[in-house]
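This note sets out points for a colleague who is reading the model alongside the sequence. The points go from the pairing of strands to the overall chain, and then to individual helices and loops.

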Amino acid sequence: MVFLFTKSNVKMNVMLLLSALYIIFICIYSIDLFDLGFIPSMIGRLQEGQIIYKDFDYIRPFLGLVFWDYLLKFIPGTTSYFILITRLLVVIQSLIIAVFIQKIIFDKVRCDVSLLLLICFLGTFSILPWHTIDGIFFGTISLYFYKKKWIFSALIFLAFACLTKQSFFIFGLGIFMMIVKDFYKKVPFHKKDIIIFIFSVIFLLFVVYHYQIVKNFHLFLNQVFNFSMTSGFYENGIAPYLFKIKLNNVLFFYFLVLLYFLDIKKKYAEVGVLIIFIGLIIYPFFNNGVYKGVHSVFLLVVILFVKYDFQNKFIFFLLFLGWSASISWGANSPFFFMFIMLYKFIDRSKLVFPMYIICLGVFSLYRLLYPYQSKSIFSSTHVFTKKLPTVSGLLISENEYQYLSEAKMIRSEYENIIFLPGSPILDVIYKNYINRASWEMDVEYPSWRKDFFKLKDSVFAIDNEQIKVYNKGFYKSSFTVEITKTRKIIKKNKFFTIYGPVN
C-alpha cells in the first residue's frame, strides 16, 4: 500500500494551499489609481465601439489590446468585480509563462517548480494587465515552438510578441535570424506546426481587418513609431547596464572578467548565487522598498551561464527576452526573469520548497509594506469596496475610498466631466471616454492639441496631487497644464479641483 501522506505530498499540498492564499491576497489587496486602469480603459473604449488609433491614441502595436479585448469580450468594464477578474487572468497568464519557461530550459514540468517560478515572475510587480507581460507570454510560446522545431508556429508567435510592444522588435529580429538559419538546415515539417501556423495567420488577418488596422495604417505608423517611443532605447535598454565610468562600476566590470576566467567549480558558484538570491530579495527592506543592483546581477547571471552552460542556447534566448522586456519608460528592469534565472543556475530539487517559502514570505511582506502607488495596511485604515462598478471586492485604504467617493460625487454633478491628468480607472468606472486618452501625459497622448481645442466647453476635474508630478519632465501632461492656465476654477475639493470654460 502506498502511503498517501508522504513528505513530498505534504510539501506539495502546503505549496498549493499557500499559493491559493497568496493569489487571493494579491488580487484583492490595494488599488493603484493611476496604472491599474490603463489597459482596461483601452478595452472599455473598444467595447464602446471606438477604433484603435482612429478614435483614441495608443502608441504601441495593437495585439496586446486585441488579446485583452477578446479575454474580456463578454465582461463589461463596469462589472462590479472587473478588476478582480483582470487580476486573476494576469495570474493565470503568468502561470502559463512559468510552465512554458520550464518546457524551454528545464528537464521537465513540475508543479512545485511552476509555483516557485510563478511567485518569482510576479515578484513585486503590480497585478494588472500589461503589454510587457503580453509580449513575454507570446515570446515564451514562440521559444517553446522553436525548441520543438515547429518553425512556422515559432515565427507567427514571434510576430505576436513583436505586435505587443516596440521593445520586442529587437528580440523578434534576433530570434527570426536564428530560426531562418535553422530553416536552411532542412528542419523537418510537422503537420501540427502547419495547422497552428495557418490558423494563427488567419486569426491575425481577421484581427487586422476587424480592428481596421490597414484602413488606419497611417495612424498606426504615426502613433507607434513616433519619436518619443524610439528615442529612449539607449537610456532604457543600454545605459542601465553599461555604467557611467565610476570606480565601483569599473571594479565590477573587472570582477565579471575575472569570474569568467577563474577556475571555480560550479557547486561553489551555486552557493554564491544562492547568497545573491537571498540578498537581492531582502535588500528593499533596507532601502525603503527600492531594489538596487538588478541590472548588475543580470549581467552577472549572463556571465555565469556563458561560463557554465554555454551550450544551452535557449537560456540565452530567455535572457534576451528578459532584456527586451526591460526596455521601458517605467519599470526598466529585467525583474520578471531575474529570480527565475538565478534559480535555474542552481536548479536543485531539494531547494525548491525552502526557496518557495522564502520568496512567498518576502514578496507577501513587501506587498503589505510597499503596495504599488498606494498606502500600506500598516499605515492606513483599509476597507473593502462594495457595490461599486469595476472595483468591488478590493481591500483599499480609506483615503483611496474617499477619493473614489469624491469622484462619484463630482460625476453625479457633471455628467461628462473629464478626470485629469491620468486616472484611467475612473474612465472605466463611469464609461467616460470623451477625449482620446485616459493617460493624458504627452508621451501617451500625441493628439492632445486637437482635443484641447475640440473640448473647449468641457468641464475637467484635476487631481490636486497628480498635477504636482505631471506638470513638468518626461511625464508632463501639457493638456492638463494648459487647462489650469486657460480655464477658470469652479470648485476646489479635497482631491480634485473643478475647471470650466471662462465664459
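1. Two strands are said to pair if DSSP finds at least two bridges between them. In this predicted model, strand 4 and strand 6 (residues 496-500) meet that condition, pairing in the antiparallel sense over four bridges. Within strand 6, Phe496 is the bridge partner of Asp463.

2. Strand 4 (residues 460-463) also has a parallel partner: strand 3 (residues 418-420) pairs with strand 4 over three bridges. Here Ile418 stands opposite Phe460. Phe460 and Ile462 point one way from strand 4, whereas Ala461 and Asp463 point the other way, and all are buried.

3. As for the chain as a whole, there are 23 helices and six strands. A compact globule of 503 residues would have a radius of gyration near 23 Å, and the 24 Å of the protein chain agrees with this. The C-alpha trace spans about 75 × 60 × 55 Å along its principal axes. Of the contacts with a separation of 6 or more, 74% are between residues 24 or more positions apart.

4. Burial and surface may be read together. Of the 503 residues, 55% count as buried. The accessible surface comes to about 23,400 Å², and carbon and sulfur atoms contribute 67% of that area. There are 52 positive and 30 negative side chains, with the centres of the two sets 7 Å apart.

5. Helix 3 (residues 63-71) is largely enclosed by the rest of the structure, because seven of its nine residues are buried. Those residues are Leu63, Gly64, Leu65, Val66, Phe67, Trp68 and Asp69. They pack against helix 2 (38-47), helix 4 (82-105), helix 6 (131-147), helix 7 (151-162) and helix 9 (191-210).

6. Helix 2 is mostly covered, with nine of its 10 residues buried. Ser41 and Arg45 are among them. The buried residues of helix 2 pack against helix 3, helix 4, helix 6 and helix 20. Gly49, which follows helix 2, has a positive phi near 95°.

7. Which residues does Ser438 contact, leaving aside its neighbours within four places in sequence? They are Ser41, Arg45, Gly422, Ser423, Pro424, Asp427 and Tyr433. Ser438 lies in the loop between helix 20 (424-430) and helix 21 (448-454). Its relative accessibility is 1%, so Ser438 counts as buried. Phe419 is 19 residues from Ser438 in sequence, and the two are 8.4 Å apart in space, C-alpha to C-alpha.

8. Most residues other than glycine have a negative phi, and most peptide bonds are trans. The peptide bond from Leu420 to Pro421 is cis, with omega near 0°; Pro421 belongs to the loop between strand 3 and helix 20.

9. Lys149, with phi near 65°, lies in the loop between helix 6 and helix 7. Its relative accessible area is 47%, and Lys149 is therefore partly exposed. Asp347 has a positive phi of about 50° and is found in the loop between helix 17 (335-346) and helix 18 (352-369). With 32% relative accessibility, Asp347 likewise counts as partly exposed.

Conventions. Residues are numbered from 1 along each chain as its sequence is written. This is a predicted model: local features need pLDDT of at least 70, side-chain atom pairs count only at pLDDT 80 or more; totals for chains, interfaces and linings use all residues. Side-chain values use heavy atoms; hydrogens and water are left out. Helices (H or I, at least four residues) and strands (E, at least two) are DSSP runs, numbered from the N terminus. The radius of gyration is taken over C-alpha atoms; the globule rule is 2.2 Å times the number of residues to the power 0.38. Buried means under 20% relative accessible area, exposed over 50%, partly exposed in between (1.4 Å probe, protein chains only). Contact means heavy atoms within 4.5 Å. Accessible areas come from the Shrake-Rupley method with a 1.4 Å probe; for residues, only the protein chains shown count as cover. Lys and Arg count as positive and Asp and Glu as negative; His and the chain ends are not counted. The place of a charge is taken as NZ of Lys, CZ of Arg, CG of Asp or CD of Glu.
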